[in-house]
Amino acid sequence: MPFVEKLIINGGRRLTGDVQVAGGKNTSLPILSAALLCDEPVCVDNIPDIEDVHTLLELLRGLGALAQVSGHSVMIDPTRLHTTQPSSDLCKKMRGSYYLLGALLGKAGQGSIPYPGGCDLGARPIDQHLKGFRALGVEIDDRFGWVDAKAASLNGSEIFFDLVTVGGTINVMLAAARAKGSTVIYNAAKEPHVVDTANFLNSMGARVRGAGTDVIRIRGVDRLHASTYTVIPDQIETGTLMIAAAATQGDVAIHGCIPAHMESLTAKLLEIGVRVDEADDVIRIRSAGGHRAVNIKTLAYPGFPTDLQSPMSALLTTAVGTSIITETIFDKRFRHLHEMVRMGARARISDWTSVIEGMPHLTGAPVTASDLRAGAALVIAGLMAGGNTEISNPQHIDRGYEKLETRLRSLGADIQRVAADS
Ligand code: EPZ
């Protein structure tokens, strides 16, 4: 039986001090998958020590790749793959396993994966990924929860996505990197992890241009060579720490981040009444409380990220006035608010919109993390609340944040991980 744990937070303490941001989760997953495309070993630095990375490394090893970890560096030798069908059980543990399909198609012209798992945020189809692969000449058998994909020859093509999809953009980019001829992706996602993956591909000799805009052009190449690459810092972890500092009326300097990636959050924090100072790769957050309610609408980059909607709603539960949060990306992303209501938050919650009436304070209560960012949001709510908050299912948090509670403790938080029956 798996070891079951919970987090216990004794809230009401200000966070103060300095903290370092880890490498990006949603950057590391496509980049480690993209390493499969290479004809030589590659080294990737600044890989976070998180569960989703551990799962992906197991998946890569299962395909026959060598994956050696040394601290935050990972060496991948993809030269001796013996299968194009990754472990079904492991794929179902994480959403990012879908990147293996794009990489296997680029490398071997075929791949077979189950529908990916990961956070349950409502319907999360992959039809746009498959549409992109089909445009490259891939034959796809998509039945009973499995995708079998095979291409006699992978040929460049033009793809217009029906909606902006991060996973779809990156996955097609991976396959197209080694297709014959040119591929153009229209209505591409512009997230920092799309740009970072393109930069990694280019560091191995790929020809990807325009990442960061909504038109990406890829000229396929015959081979990719060895590379050493450093992934960018985690945009969402940076934002989570910024919000946690503000929510506890703290004074925290977040080091090793990219302030330009945080502009939509920074703008909202300033609107709320939080002080934000930036210098090179540091963001300092200072708050004396008295936060004002704001409206949030989640959008693709450079809009407000859906992944920060949950942490931000924790902060807004005690802002003065009424905040309206409109979620436009995922239809089941307000579960954390139901849990915060147990802590005294006042919120009217529906699928796409929630209205939060700010209360003077939250009170600790037993709550359950339903997904990764909901878990992070409940940690922030627990840090804000008076008394003890017990968070069940903290393993969701471990999928995407490296040693979150250790780092929060170093900022003065009283947060412990214990066995669930203690
Ligand atoms: C990625 O998910 C991230 N996951 C998510 O992070 C993040 O919330 C999301 O992008 C948006 O930024 C990883 O990188 C592993 P999408 P993804 O394709 O790729 C619809 C976290 O907490 N859609 O941009 O699944 C989809 O349903 C996680 O770190 C289709 O309809 O997101 C959604 O409404 C959670 N068909 C919208 O597009 C498709 O083929 C955007 O999804 C693909 C997507």
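**Entry 1: the largest cavity.** I began with the class make-up of its lining and found three nonpolar, five polar and three charged residues. I count Ala, Val, Leu, Ile, Met, Phe, Trp, Tyr, Cys and Pro as nonpolar, Asp, Glu, Lys and Arg as charged, and the others, Gly among them, as polar. The model is predicted: local features need pLDDT of at least 70, side-chain atom pairs count only at pLDDT 80 or more, and totals for chains, interfaces and linings use all residues. Residues are numbered from 1 along each chain as its sequence is written, and side-chain values use heavy atoms, with hydrogens and water left out.

A cavity is a set of points, on a 1 Å grid over the protein atoms alone, where a 1.4 Å probe fits but cannot get out; lining residues have an atom within 4 Å of a point. The volume of the largest cavity is about 70 Å³, taken as the space filled by probe spheres set on the points, which are joined across faces, edges and corners. Among the lining residues I noted Lys 25, His 193, Asp 234 and Arg 373.

**Entry 2: the second largest cavity.** I found about 40 Å³ of space here. Its lining has seven nonpolar, one polar and no charged residues; Thr 240 and Leu 404 are among them.

**Entry 3: the ligand.** I looked up polar contacts, which are pairs of N or O atoms within 3.5 Å. A polar side-chain atom of Arg 373 lies 2.7 Å from a ligand oxygen. A polar backbone atom of Val 166 is 2.8 Å from an oxygen atom of the ligand.

Notes: Polar contact = N/O pair within 3.5 Å; in protein donor to acceptor, adjacent residues only side chain to side chain. 1 Å grid on protein atoms, 1.4 Å probe; cavity = no way out; pocket = protein on both sides within 12 Å on 5 of 7 lines; lining within 4 Å.
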